[in-house]
Amino acid sequence: MSPLSAARAALRVYAMGAVVILAQLLRRCLGGFAEPAFPQQAGRVAVVTGGTEGIGYATCKRLARLGMHVVIAGNDRAKAEAAVRRIQEETLNDKVEFLYCDLASLESVRGFAHEFKEKKIPLHVLVNNAGVMMVPQRKTVDGFEEHFGLNYLGHFLLTNLLLDTLQESGCPGRSARVVTVSSATHYVGELDLGNLQSRGCYSPHGAYAGSKLALVLFTYHLQRLLAAQGSPVTANAADPGVVNTGLYKHVFWGTRLVKKLFGRWLFKTPDEGAWTSVYTAVTPELEGLGGRYLYNEKETTSLAVTYDRDLQQELWARSCVMTGIRDVTPDILAEGRLPRRETAALSPPLTGV
Ligand SMILES: NC(=O)c1ccc[n+]([C@@H]2O[C@H](COP(=O)([O-])OP(=O)(O)OC[C@H]3O[C@@H](n4cnc5c(N)ncnc54)[C@H](OP(=O)(O)O)[C@@H]3O)[C@@H](O)[C@H]2O)c1
């Protein structure tokens, strides 16, 4: 990326943020955000990445209140154990637990999937929530640019490794669901397939927005594969809005000051921010429906380029190579619907978990 493109990316991200913030302020003035009614989910199991704080924590708490068995996938053991205790106390639901998963390490993601499967429990909801924003230029354990590697590739691999369990846990009329948390910044994101690692002049804004764009492309392609198989799993993207969390620690100081002074009016609370994820995870209105982009608990259109099937497929293919799993897209899309047992793993790992 050239210095000029990097500056343009920053301006576009801040402009997008300002638009969302103004819309949220208007909504507050007109009565605020209202929590949707969620049906109880007793007996169902959810994995939420980044459930230790912010939107992820609020999502875990809400799902636990609905009676779900919630597994927090996190990379800070002490923080996660404290989060588990707090959620158990506040919701009186003992079925909240923690399993270690560092999304910045593909080996750790594999370890998490293995450990989860060892539990021999079903999986009805996977919320791909964890993320970092506008961090300084640095790499994941596997050498990927951090936004792309952690926000996108970590979740790409995690989802693929858990798909067989999701497929076994879903059934017609009660699908298992993959909910992937994107962001309005995807509308100003760009994805250069020739430069997924942000080589050249690094733009933290461009890298974050690009990772959120990649997550939407991933969601739509995943849904296309699932639908072609007649799978009882759906995949949707959720956009929480602009939410008052610790995600902003690396942004421009002026933005942090605005957040500190006016955050309670301009930003959503973490609970409000979690409602779209929870809605996407449990509402009967979305039963059997996938490939949607949800914002404020309503379907809306994502950036035009996210509907480009060639781009979705190419990104998926490259992601398979980068994470070491086999791309079964050509088989699935060529053969159409296959018997369920033959397609239990959508993208079986080259090395087993
Ligand atoms: N806040 C917003 O305005 C906003 C807007 C649009 C989209 N989003 C999206 O919402 C999601 C949640 O963000 P948030 O605002 O709740 O941010 P947050 O409060 O900073 O929470 C981020 C979570 O991700 C976890 N995480 C970070 N690195 C990880 C790693 N390597 N492995 C596993 N977990 C890791 C963090 O755990 P540790 O701290 O323990 O590492 C934390 O639990 C993100 O995907 C973000 O992009 C947020």
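Which way do Val125, Leu126, Val127 and Asn128 point from strand β4, and are they buried or exposed? Val125 and Val127 point one way, Leu126 and Asn128 the other, and all are buried. Buried means 20 or more other C-beta atoms within 10 Å of the residue's own, with C-beta atoms placed from the backbone; exposed means 12 or fewer, and partly exposed lies in between. In a regular strand the side chains alternate between the two faces of the sheet.

The model is predicted; local features need pLDDT of at least 70, side-chain atom pairs count only at pLDDT 80 or more, and totals for chains, interfaces and linings use all residues. Residues are numbered from 1 along each chain as its sequence is written.

Strand β4 covers residues 125-128. Strands (E, at least two residues) and helices (H or I, at least four) are DSSP runs, numbered from the N terminus. β4 pairs in the parallel sense with β1 (residues 45-49) over 3 bridges. Pairing requires at least two DSSP bridges between the strands. Valine 125 is the bridge partner of alanine 46. β4 also pairs with β5 (residues 176-181), in the parallel sense over 4 bridges. Here leucine 126 stands opposite valine 178. From β4 the chain crosses through helix α5 (residues 146-169) to β5, and this β-α-β crossover is right-handed: with the strands pointing away from the viewer, the path from the first strand over the helix to the second runs clockwise.

Now to helix α8 (residues 270-282), which holds threonine 276. Threonine 276 counts as buried because it has 26 C-beta neighbours inside 10 Å. The C-alpha atoms of threonine 276 and arginine 65 are separated by 16 Å, and the two residues lie 211 residues apart along the chain.
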